[in-house]
Amino acid sequence: MSENIRNLQTTVLSDNWYTLRKVTYELLARDGKWQAQSREAYDRGNGATILLYNKANKTVILTRQFRMPTYLNGNADGYLIETCAGLLDKDNPEDCIRKETEEETGYKITSVQKAFEAYMSPGSVTEILYFFTAEYTNEMKVSDGGGLEEETEHIEVLELPFTKALEMVKSGEIKDAKTMMLLQYAQINGLVR
């Protein structure tokens with residue numbers, strides 16, 4: 001534990017889908033005084049996401065699915081275009097993303113490259129997201145994908161020209177942060193030219 005935090009107390013507010021906790025504590029301020037603070041933190045576990053790209057065809061694989069929180073915040077139909085992603089559960093990040101890739105997109109990828117990891121909403125969510133990239137070919141397609149029925153996933157798989165995906169970020173058609181980050185990573189690192 002940090003020497004800058006003391007009297008940490010946690011109360012579970014909800015443990016329905018994931019866990020919402022209220023945390024009270026004292027934080028040592030720059031002036032040397034202890035300051036009482038209270039925050040809520042949502043713990044849904046850590047996750048992984050991946051950008052599948054095809055150098056020869058200059059395409060990427062993305063998904064489209066309904067996201068209730070975006071609908072509640074003004075996304076007219078609630079659907080988002082995203083990179084494939086999933087919660088780690090008990091898997092390590094690489095095993096998780098291989099499994100999620102096959103379930104969601106139908107591609108059985110052979111090798112993945114870790115790009116980076118990031119806290120996505122550190123003011124309220126505990127999650128660290130592990131970002132990966134992988135090259136895909138048509139021969140790697142083993143199913144239609146679409147997600148698992150028991151997880152009530154209804155995922156549409158999209159194969160898009162890389163340049164179109166970048167344009168969709170500019171136009172606002174792609175508003176998902178992890179997707180924007182991986183598309184920009186691919187552009188900066190010349191993964192698809």
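Residue numbers start at 1 along each chain as its sequence is written. Because the model is predicted, local features need pLDDT of at least 70 and side-chain atom pairs count only at pLDDT 80 or more, while totals for chains, interfaces and linings use all residues; side-chain values use heavy atoms, leaving out hydrogens and water.

**View 1. An open sheet has three strands in the order β1-β2-β3, with antiparallel pairing.** At the edges sit β1 (5–14) and β3 (34–43), each pairing on one side only. Strands here are DSSP runs of E with at least two residues, and two strands pair if DSSP finds at least two bridges between them.

**View 2. Look between β1 and β2 (residues 19–28), which pair over seven bridges.** Here you can find Gln9, whose bridge partner in β2 is Thr24.

**View 3. Tyr18 and Tyr42 form an edge-to-face aromatic pair.** Rings of Phe, Tyr and Trp (its six-membered ring) pair if their centres lie within 6.5 Å; planes under 30 degrees apart count as stacked, over 60 as edge-to-face and the rest as tilted. Tyr18 is in the loop between β1 and β2, and Tyr42 is in strand β3, 24 residues apart. Ring pairs also bring Trp17 into a cluster with Tyr18 and Tyr42.

**View 4. Phe66 and Tyr79 make another edge-to-face pair, with centres 5.7 Å apart and planes at 70°.** Phe66 lies in strand β5 (residues 59–66) and Tyr79 in strand β6, so the pair ties together parts 13 residues apart in sequence. Phe66 is partly exposed at 36% relative accessibility; buried means under 20% relative accessible area, exposed over 50%, and partly exposed in between (1.4 Å probe, protein chains only).

Notes: Helices (H or I, at least four residues) and strands (E, at least two) are DSSP runs, numbered from the N terminus.
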